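Student: I would like to go through the labels used for side chains in a model and ask what each one rests on.
Tutor: Then let us look at the model.

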Amino acid sequence: MALVVRPSRIHSAGVFTTTPVRKGTRIVEYDGPRITPEEADRLYDGAPRTYLYGLEDGKTVIDGEGLGAYLNHSCDPNCEIDEIKTRVWIFAIRDIAAGEELLWDYNLYDDDDPAPCHCGSPRCRGTMYSREWMAKMRRKAAAKKKSRTKRRGKKRIDSRGLLRLQSYRGSSLES
């Protein structure tokens with residue numbers, strides 16, 4: 001299959017097919033050195049861009065090289081990743097026309113750094129993080145906000161002009 005790397009409207013460079021690709025076709029392997037998550041953190045701390053892919057075992061990260069690393073993210077992808085016996089392959093999830101950019105949904109997780117999406121799809125969720133991770137982050141933020149509010153309590157001025165701190169447990173403290 002003829003694949004080329006060229007400028008992408010989504011981000012920098014992308015991978016394009018020069019021939020039609022049928023749904024279900026194995027297109028390219030996501031390959032590169034295998035490192036630990038700790039090594040990845042150490043190597044890429046503060047790096048603006050990485051090509052890391054975490055395997056399902058949670059112990060191995062592929063430091064992406066080659067064509068597989070150049071596929072861009074889209075919230076409406078034409079490809080998907082499948083891990084088969086510790087190898088990671090990119091497959092077509094629909095028929096892809098010659099000249100189309102190959103795209104997969106990164107479904108990022110396990111971080112809270114901004115990862116805005118620029119795919120331009122009408123179905124764009126605005127981030128490269130997965131829906132599940134974003135829901136988890138919203139729950140975490142809500143719990144944190146609730147915890148801060150609970151610690152602060154409610155301030156009230158009583159009839160004598162004294163400031164009272166009303167906690168959520170019903171007790172009050174004069175100040």
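Predicted model: local features only at pLDDT ≥ 70, side-chain atom pairs only at ≥ 80, totals over all residues.

Student: Why is glutamate 29 called buried?
Tutor: Buried means under 20% relative accessible area, exposed over 50%, and partly exposed in between (1.4 Å probe, protein chains only). Glutamate 29 has 16% relative accessibility, so it counts as buried. The residue is found in strand E3, residues 26-30; helices (H or I, at least four residues) and strands (E, at least two) are DSSP runs, numbered from the N terminus.

Student: What makes the approach of glutamate 29 to arginine 87 a polar contact?
Tutor: A polar contact is a pair of N or O atoms within 3.5 Å; within protein, one must be able to donate a hydrogen and the other to accept it, and residues adjacent in sequence count only if both atoms are side-chain atoms. The side chains of glutamate 29 and arginine 87 make such a contact at 2.7 Å.

Student: Which residues does glutamate 29 touch, not counting residues up to four places away in sequence?
Tutor: With contact meaning heavy atoms within 4.5 Å, glutamate 29 touches Gly68, Arg87, Val88 and Trp89.

Student: How many aromatic pairs does a search of the whole structure find?
Tutor: The search finds 5. One of them joins tyrosine 30 and tyrosine 53, at 5.8 Å centre to centre and 45° between the planes.

Student: Why is the pair of tyrosine 30 and tyrosine 53 called tilted?
Tutor: Rings of Phe, Tyr and Trp (its six-membered ring) pair if their centres lie within 6.5 Å; planes under 30 degrees apart count as stacked, over 60 as edge-to-face and the rest as tilted. The planes of tyrosine 30 and tyrosine 53 are at 45°, hence the label tilted. Tyrosine 30 lies in strand E3 and tyrosine 53 in strand E5 (residues 52-54), so the pair ties together parts that are 23 residues apart in sequence. Both tyrosine 30 and tyrosine 53 are buried, and Tyr30, Tyr53, Trp104 and Tyr106 form one aromatic cluster.

Student: What puts arginine 26 over the ring of tryptophan 89?
Tutor: A charge sits over a ring if NZ of Lys or CZ of Arg is within 6 Å of the ring centre and within 35 degrees of the ring normal. The charged end of arginine 26 is 4.2 Å from the centre of the tryptophan 89 ring. Arginine 6 likewise lies over the face of phenylalanine 16, at 3.9 Å from the ring centre.

Student: How do you know that aspartate 76 and arginine 123 form a salt bridge?
Tutor: A salt bridge is a side-chain nitrogen of Lys or Arg within 4 Å of a carboxyl oxygen of Asp or Glu. For aspartate 76 and arginine 123 the closest N and O atoms are 3.4 Å apart. By this rule the count comes to 4 salt bridges.

Student: Is arginine 123 buried or exposed?
Tutor: Arginine 123 has a relative accessible area of 56%, so it is exposed. Aspartate 76, at 34%, is partly exposed.

How values were computed:
Residues numbered from 1 in each chain as written. Heavy atoms only, no water.
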